[in-house]
Amino acid sequence: MAKSPAQALRRILDSPGVHLGPSCFDALSAKLVERAGFDYCFTSGFSISAARLCLPDVGLISFGEMMDQGRQIIQAVSIPIIADGDNGYGNAMNVKRTIREAIRAGYAGIFLEDQVSPKACGHTRGRKVVPRDEAVMRIKAAIDARKESGSDIVIIARTDSRQAVSFDESLWRSQAFADVGADVLLIDALASREEMKAFCEIAPSVPKMANLLEGGGKTPILNPTELEEVGFKIAAYPLSLMGVSIRAMQNALTSIKGGQIPSHGSIPTFEEIKEIVGFNSYYEEEKRYATNTDQVSLQNEVKNKSFNQRFFEDSSFHVLF
């Protein structure tokens, strides 16, 4: 029997070593993560808000928009996907609905934070957290919703209190989250290796997650060996794919504005792009339903493709419409 996405993620959490997880923002970026050989993938609320709305991650993107994006991502890949559940979109009852919908969408896991509404993006200014008891009840509500749904979705409890209150407060909340049944713990914006190590020493039986914000975040970027030595089980890289995508598009636009196309090494071939998005798989499946008329059309297409390829190789400059 095939394992559920949550079972696959739990198997990763139970396996030795630290497991690295890039953060995707749409179906294509998720597919690239899978093709690169990663065992699982996070979604990034920051990047989804940027890609879908070109708006900052400050609570402007809605619950429905995030779930819609998540369903498209999940349908595109076979690896487990972990949702960015923000603050659950309200109180404990809102959290329960968030969990139920994440389960229906097919998420393997979800992380929930203890920020107020509207939330602020991690590693940025202006973060505020709800009181301790409300924060703990959110995680309890998530656990209850999972149980009531008969699911085993992985609940990752995140606290933003390191920046909003103090490091000691973030340790207290993490321990409290573990006590009510969180599967994985995350303190966002840990400021030193010493803080990272102290965090990993609490609730030793509960796996710890590192959120390694690239390009100027507050948490030190440790290599995988160092992460494992400190005690982390999983690590998220929330902005790598979005960041390099932005830079690549800027460079391509500069080239086009100057009357050129992007350089050979910076752009995949048309055949590579078609393979990534599934044309070849589609063509193979389509053959199962081919009629005699389709076979004639296919033969003509192959002949035209061969001619076009020779023309492409002989051309020093081309424009693809």
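## Helices and the model

Helices here are DSSP runs of H or I with at least four residues, numbered from the N terminus. This is a predicted model: local features need pLDDT of at least 70, side-chain atom pairs count only at pLDDT 80 or more, and totals for chains, interfaces and linings use all residues. Residues are numbered from 1 along each chain as its sequence is written, and side-chain values use heavy atoms, with hydrogens and water left out.

## A nonpolar patch

L28, L32, F270, I273, V277 and F279 make a nonpolar surface patch of about 520 Å². Patch residues have over 30% relative accessible area and no salt bridge, and nonpolar side chains are joined within 5 Å. A salt bridge is a side-chain nitrogen of Lys or Arg within 4 Å of a carboxyl oxygen of Asp or Glu. Areas come from the Shrake-Rupley method with a 1.4 Å probe, and only the protein chains shown count as cover.

Which helices each supply at least two residues of the patch? They are helix 2 (27-35) and helix 12 (270-277). Helix 12 gives the most, with 3 residues. F279 sits in helix 13 (residues 279-286).

## Aromatic pairs

A pair of aromatic rings is described by the distance of the centres and the angle of the planes. Rings of Phe, Tyr and Trp (its six-membered ring) pair if their centres lie within 6.5 Å; planes under 30 degrees apart are stacked, over 60 edge-to-face, and the rest tilted. The whole structure holds 6 aromatic pairs. One of them joins Y40 and F42 edge-to-face, at 5.3 Å centre to centre and 70° between the planes. Both Y40 and F42 are buried. Buried means under 20% relative accessible area, exposed over 50%, and partly exposed in between (1.4 Å probe, protein chains only). Y40, F42 and F111 form one aromatic cluster.

F279 and Y283 form a tilted pair, 6.0 Å centre to centre with 50° between the planes. The two are 4 residues apart in helix 13, so about one helical turn separates them. F279 is partly exposed, because its relative accessible area is 36%. Y283 is also partly exposed, at 30%.

## Charges over rings

A charge sits over a ring if NZ of Lys or CZ of Arg is within 6 Å of the ring centre and within 35 degrees of the ring normal. R132 lies over the face of W172, 3.9 Å from the ring centre. The charged end of K274 sits over the ring of F270, 5.0 Å from its centre.

## Cysteines

How many disulfides are there? The count is 0, where a disulfide is a pair of cysteine sulfur atoms within 2.5 Å. C54 is exposed, with a relative accessible area of 66%. C200 is buried, at 10%.

How values were computed. Patch = residues over 30% accessible without salt bridge, like charges linked within 9 Å, V, L, I, M, F, W, Y side chains within 5 Å.
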